[in-house]
Amino acid sequence: MSSQVTATLSQQYYRNPQCVPGLFQIIITSPDAGVRQIAGVELRKRVAGHGSKLWLENPLEIRTALKKNILEFVLIEPVSLVRHTTARVVAAIAAREMQEKTWPELLPWLYQASTAPLAETREIGVFIMYSLTEIGDGPFAEHLVEVYELFRRTLQDPESMDVRVTTVRALGTLAQYIDVDEKAQIRTFQSLFPLIVAVLRDCVTTGNTDSAKHGFDVLETLLILDAPLIGKSLPELVDFFVTAAADKEIEEDIRCMAFNALIWTIKYRKNKMQAMGMAKTILERIMPVGCEEDADEEEEDNPCRLCFRAIDTLATTFPPSQVFPTLHTLVTAYIHSPDWAQRKCAMVAFGVAIEGCSEFIRPHIEGLWPFLDLGLNDSEWKVRKAACIALGCVCEYLGDEAAERHAIFLPHILKLMSDTNTQATACQALDSYLECLGDHILPYLDELMVRLIGLLQSADRQMQSTIIGAIGSAAHAAKGRFAPYFPEFMKRIEPCFFLKEEGDLDLRAIAVDTAGTLAEAVGADAFRPYFEPMMQQALDGLTLDNPRTHESNFLFFIVMSRVFPELMEPYLATIIPVLIKSCQEPEFEVNEDATGFSAVTSGNGTAEAPLVIKNDGDEDIDVDVEDVEVAYEDIVNTSSAQAVEKEIAADALGQLFANIKLPFLPYVEATLEVLLVLLEHFYEGIRKAAVSSCIEYVRTFYLLANYEWTPGQPSPPLHDNIVKVRDLVMDGLVECQQTDDDKNSVATLCSSLGELLTAYGPTVMGDHSEEIANLAMAVLDKSHLCQQDTDAAEEDPEDVIEDQAEYDSVLTSSAMDLVAGLAHAYAGAFKNAFPKFLPLIAQYAGKGHSMTDRSAAIGTFGEIIGAMGPAVTDFTVPLGQLLMPVLEDDEAEVRSNAAYAIGVLVEHSEMDMSGEYLNILARLQPFFKTEETTGSPMNARDNACGAVARMLLKSLDKLPAAQVLPVLFSGLPLRSDTQENKPVFKCILHISQVQPALLEPYWEPLLSLFHHVLVVPEGGESELDDETRTGVLALVRHLNQVMPDKVAAAGLAQALA
C-alpha cells in the first residue's frame, strides 16, 4: 500500500505545479511535526527539481505570497528539524529568485534576522545564509563585503554556539568558491580565520562533539583548497590540534578528530610546516599519547593509534632529517623507561617511521640494532609484541641489513612464537623476516618447518593464514632447497583451496598465494603435477563473489605464466574476459533505496554541500549530508576492495602478455583498450598498474619483433603492429601524465620509460619525444602537477628548503632515470639537450639535499657520461668541477657514484684531464682503506678501482704507475660492483701488452685474481663478460708458456682445459 501511495504521488501529484502551494499549506497547518518535516523535504525537491520548473509554473502572485509567508513561518516553527528543513526550502527558492533578481527583500531580511535580539531568530537567519552558500556563491556575489562583515559578527555571537558553528560551516562552503587570484577576498578570509579557530576551540572545551565535528570538517576543507586561506595562523592552528589531541581530559572522539586534522595539515601544509621546523615540537608533544591504551578492535580509531599514524605521516611527508633525529632521541629515552607503556610506544614509533626514513637510517642501522634487541628481550610481553611489529617494518624496508643478523633475530622470533601472548605477532614478524632472508635461511630450514607445520595443525583460521604465509616466505628464501618439504606442505594446505564460506575466504586466498610462491621456489618440474588441478581450482575461485579471492587467483595466474608460459594458452579464453570484467567493474553500486547517492568524502568529516543524483525518472533528488553519512563507510570499504582487485587485474594483463607472448596476441586489442581507459582512473593504484602494463605491451612487441638497436646508430624500421601499439600507448601515457596528481604513478611512468628507452632507443617515443623530455624536466624542477602542494602559493622563497621526503626523492630519482634513458637513446646527439638537464640534475647533488638525492644525481651523471661517449667533451669542465668535491662526500654511496662518474668522464672525454689525475688519485686513495666487507664502502672501493683503471688506460704514461698499481691491486678482486671488472681487466691486459715489466712484481697475486674470476663454482655466475673473459684466458695461456709453475700453483689448469 505504501509503495502504491508513493507511486501515485510521484506520478500524479508531484508533477502538478499546484503541489508547491499545497505542500506549503501542509507545512504551516499540520499539527504533526513529522508531517510538516516530510512536506518540507518534498517541497524543497519540487522547488529545486528540473530547473525549478514547477515553481516557475505557479503564478507570480502565488510565488510572491509564498516567499513572504515562508519567511514569517520559519521564525515561528517550534521544532528545530522542521525549522532547518524550511530554511532549506527558502534557499531552494532563493537559488532561482535571486538569480533573476526577483527577491530583493531577502538579503536585508537575512541581515536583520542574523543580528536580531533573540538567539533563535539569529540561528535561523544564519542557517538560511549557510543553506544559500550550499547552492553556490551566486546569491552573495555582489554583496561579499557585507556578508563577510556579518559573519565576523556572528562568529563572535555572545550567546548562541549554534550561530557561531553555523557561521563556520557557511564560511567553509563559501571558501570553496574563492579563486587563488582573488587577493582581497583571501585577505579578508585570513583575518576571519583566527575567529573560526576560536569557535572550534570553544566547542572542544565544552565537549560539544557534533559542533566540533562540523568545525573540523571545515578546517580540513580549507586545508585542501588552493587558495591560501589560513595565512599566518598556521602555527596557531597546529598548536590547537596538537593540544586537543594530547589532552586526556577531552572526549576521545574529539581527540581523534584533532589527530585526523593534524594529519591532514601535515599532508597539505607540509612546505610551510617544514620551513617552520614544526616536526620536532609535534613529535615531542604527541609521543606521550602513544603510551595510552590501544583499543582491541582492529578498525576502531583511538588517540593512541592516531598518534602513530601522525608519526608515520610526518616520516613519509617531511624530510627524514627533520623527523628521525628527534624521534631517535625520544625512543631512546622511552626504551629505557621503567614504564612498559613508554617502552612499547618507543617500539611502535620506531617501526612506523621506518617507511619514510629507511634511506636516512640505512647508513646508521648498526647503531640501532641494540634498540630493537632491547624490545625483543623486554620483560613485558606487550613490548615484545610491539618489537615484533617494528622488526617486520625493518624487514620490509631494510631487509638486506636485517638478514645479516639472522643468528640474533631468528632465535628471538622462534622464542616469541612459543609464547601465547606474542605468538601471532611473532609469526607475522617471521613471515616478513623470511621474505628477505635468502640463503641465510638454509641452516634453520628444518627447525622452521617442524615448528610451523606443528603450529598449523592446532591454529585457528587467522593464525593458519599467518603460518601458511610464513611457510611461503620460507620457500621464497630457500628456493630449490625447499623441495624436500614441498609435497607434504602442499598436502596440508590442499583443503584450503576448496573453502567457500565467507569467513574462510581469506585463508583460501593466502593458500593460493602461497601455492604460487611454492611453484616459483621449487620450479616447473616439481610443480607440474599440481599445475592443472591448481589452475582449475583458481578458475573455480573466480565464480566466488569476493574481491580478495579474485586477487589471489589473478596473482596465481601471473606466477603460472612465469613458471609455465607454454601451458597457459588453453586457459586464456577463460581468464582474459574475467580480467577485462574486473577492470570495467564499478567500484561500488548506488543503492537508491538505502541512501540514493554516490559520493566521496574526506578526512574524518563529510562534504558540506548537498548531493544531487538522478533516479530512473531523471528527476533531481537532493540528498542531505546526514543521509550520506549513514552508509559512507560501507561504500568506501566496498570501493577499496574492488579497486585493489581492479589494480591487480590491470597489472596481470601486462605480466601475462610479457610472459606468454605469442598466444596472448589475439587478446591484445581488447585488453589494451581497457588499459588505456584505466590510465584516467581516479584511483592512483589502478593508474599505476595501467601505466606498467601499457609499457609492458610496448616492450613485448619489441621483443616479439626481435628488434635490435645500437646506440648512436640509425634505428631500424618498425613493423606496423609495433607502430600501432606504440602510438596508442604513448598517446595515452603522454595525455594522462599531464593530469596525474599522484607521485607514485608518475614515478612509475618515468622509470618505465627510462628502461624502455635504454633497451630500444628513441623509436619507443614515437612523435612524443618533446613531451617526454618535458615530463622529466617538469619533475626535476618540481613544476609537475603531482608536485603542486596546496600551500605553494604561501611559500616565501627564503623559507624553501632543499631537502625533501623520501617519497619525493623516489619521484625525482625516477625522472633522472628517464633522463639517463634519453641519453642512452640519443647517445652523442644528447649533447644538444644536456645543457637543459645538467643544472636541473646538479641541484640535487648539493649538500642541502639528502644522501638519496645526492647519490641519484651523481649516479645519473655517470650514466649520462657513459651514454654520450666522446660527445661529453664539451661538458668536461662543469662536470669535473661538480664531481671532484663529491669524491669527499660524507656518505660512501655518494662517493661510490662519484668515483664511477669521474672514471667514465676520464674515459670518454677527449679533453686532456691528465693535469687532474694526481688530484683525483689523492681523493680516491681513502676509498682503498675501508675495513668494511659489504655495502656502500665496498662498492665505493670497487668503483675507485674502475676509475683508476680507466685513468691508466687513458694515459698510462702520465701517471706514476709504480705507485698506483699496488693501490689498485690491493682493492682486487672486486666484491660488490663486478661490472667494473671490465675496465680493471682491460687495464691489466693493456699494461701486459705495452709495459709488461710494470706487472712483474705482481704476477703471483694477479694469477690468484685470474683464478678467482675464471674458475666459477658450480651453480655460480661468471663475473666477466665474454669479451673480457676471452682476453684474460689468452693472457693466462701466454703466462702458462712463460711461467707454467706459477700458473699451475694458482690452480688455473681447470680454466685452461
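Reader: At what angle do helix H24 (residues 445-458) and helix H25 (residues 461-478) pack?
Author: This is a predicted model, in which local features need pLDDT of at least 70, side-chain atom pairs count only at pLDDT 80 or more, and totals for chains, interfaces and linings use all residues. Residues are numbered from 1 along each chain as its sequence is written, and side-chain values use heavy atoms, with hydrogens and water left out. Helices (H or I, at least four residues) and strands (E, at least two) are DSSP runs, numbered from the N terminus. The axes of H24 and H25 are 9 Å apart, and the angle is about 160 degrees.

Reader: Are H24 and H25 roughly parallel or roughly antiparallel?
Author: Axes are lines fitted to C-alpha atoms, for helices over the stretch in contact, and angles run from 0 to 180 degrees between N-to-C directions. Angles under 35 degrees count as roughly parallel, over 145 as roughly antiparallel, 65 to 115 as roughly perpendicular and the rest as oblique. With an angle of about 160 degrees, H24 and H25 are therefore roughly antiparallel.

Reader: Which residues of H25 make the contact with H24?
Author: Contact means heavy atoms within 4.5 Å. From H24 come Leu445, Met449, Leu452, Ile453, Leu455 and Leu456. From H25 come Gln464, Ile467, Ile468, Ala470, Ile471, Ala474 and Ala478.

Reader: Is the crossing of H24 and H25 left-handed or right-handed?
Author: A crossing is left-handed if the near helix is turned anticlockwise from the far one by less than a right angle, and right-handed if clockwise. For H24 and H25, the crossing is left-handed.

Reader: Are helix H28 (residues 524-541) and helix H30 (residues 569-584) roughly parallel or roughly antiparallel?
Author: The axes of H28 and H30 come within 11 Å and cross at roughly 15 degrees. That makes the relation of H28 to H30 roughly parallel.

Reader: Which residues of H30 does H28 meet?
Author: H28 passes H30 in a left-handed crossing. On the H28 side the residues are Phe531, Glu532, Met535 and Leu539. On the H30 side they are Tyr571, Thr574 and Ile575.

Reader: Which residues touch the most other members of the largest nonpolar core?
Author: A nonpolar core is a set of buried Ala, Val, Leu, Ile, Met, Phe, Trp, Tyr and Cys residues joined through side-chain atoms within 4.5 Å. Buried means under 20% relative accessible area, exposed over 50%, and partly exposed in between (1.4 Å probe, protein chains only). The largest core has 361 residues, and those that touch the most other members are Phe216, Phe837 and Phe1010.

Reader: Which domains does this core lie between?
Author: Helix H10 (residues 183-206) gives the most to this core, with 11 residues. Domain bounds come from an automatic or database domain assignment. Both domains named here give residues to the core, so the core lies between domain 1 (1-103) and domain 2 (106-230).

Reader: How far apart are the C-alpha centres of domain 1 and domain 2?
Author: Contact between the domains involves 14 residues of domain 1 and 14 residues of domain 2. Their C-alpha centres lie apart by 26 Å.

Reader: Is Cys388 buried or exposed?
Author: Cys388 sits in helix H20 (residues 381-397). Not counting residues up to four places away in sequence, Cys388 touches Leu376, Leu416, Thr425, Ala426 and Ala429. The relative accessible area of Cys388 is 1%, so Cys388 is buried.

Reader: What is the relative accessible area of Thr86?
Author: Thr86 belongs to helix H5 (residues 80-97). Not counting residues up to four places away in sequence, Thr86 touches Ile27, Ile70, Phe73 and Val74. Thr86 is buried, with a relative accessible area of 2%.

Reader: Which residues does Ser814 touch, not counting those up to four places away in sequence?
Author: Ser814 is in helix H37 and is buried, at 4% relative accessible area. Its contacts are Ala747, Cys750 and Ser751.

Reader: What is phi of Lys661?
Author: Lys661 lies in the loop between helix H31 (625-660) and helix H32 (668-678). Lys661 counts as partly exposed, at 29% relative accessibility. Its phi is positive in a residue other than glycine, near 60 degrees.

Reader: Is the peptide bond from Leu972 to Pro973 cis or trans?
Author: Pro973 is placed in the loop between helix H44 (961-970) and helix H45 (981-994). With omega near 0 degrees, the bond from Leu972 to Pro973 is cis.
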